[in-house]
Amino acid sequence: PELHPGGTVAAFVAGAFMWLGVTAFVFALNSDGKASIVVPMTALYPVVTILLSMAILKGQLSPVNGLGIAFALVAVVLLSR
């Protein structure tokens, strides 16, 4: 198969961000972070994807989806107390 330069760069950038995310996750757990807080907070990574799709691809967010995101963020705040 033929390698496309844009795809190679995208794969490298994705791998770098994955490495950064895993490193931050492990660092959070090792620096007295409670797993009951760190794990649900990191499980909200799709929110970043949604926000990026809205900013870059001009995606639309339904009111129900927005409410779900808001409830998820409130849940993380309540878990951290």
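Predicted model: local features only at pLDDT ≥ 70, side-chain atom pairs only at ≥ 80, totals over all residues.
Me: What's the order of secondary structure elements from the N terminus on?
Reply: Start with the tally: the protein has four helices and zero strands. Reading from the N terminus, the elements go α-α-α-α.

Me: What radius of gyration does the protein have, next to a compact globule of 81 residues?
Reply: Along the principal axes, the C-alpha atoms take up a box of roughly 50 × 35 × 20 Å. A compact globule with 81 residues would come in near 12 Å, but the protein has a radius of gyration of 16 Å.

Me: Is Val-13 buried, partly exposed or exposed?
Reply: Val-13 sits in helix α1, residues 5–30. Buried means under 20% relative accessible area and exposed means over 50%. Val-13 has 37%, so the label is partly exposed.

Me: Which element gives the most to the lining of the largest pocket?
Reply: That pocket has a volume of about 270 Å³. Two or more lining residues come from each of α1 and α2 (35–42). Among the lining residues are Phe-17, Met-18, Phe-25, Val-38 and Tyr-45. With seven residues, the top contributor is α1.

Key
Residues numbered from 1 in each chain as written. Heavy atoms only, no water. Rg over C-alpha atoms; globule rule 2.2 N^0.38 Å. Buried < 20%, exposed > 50% of the residue type's maximum accessible area, 1.4 Å probe, protein only. 1 Å grid on protein atoms, 1.4 Å probe; cavity = no way out; pocket = protein on both sides within 12 Å on 5 of 7 lines; lining within 4 Å. Points joined across faces, edges and corners; volume = space filled by probe spheres on them.
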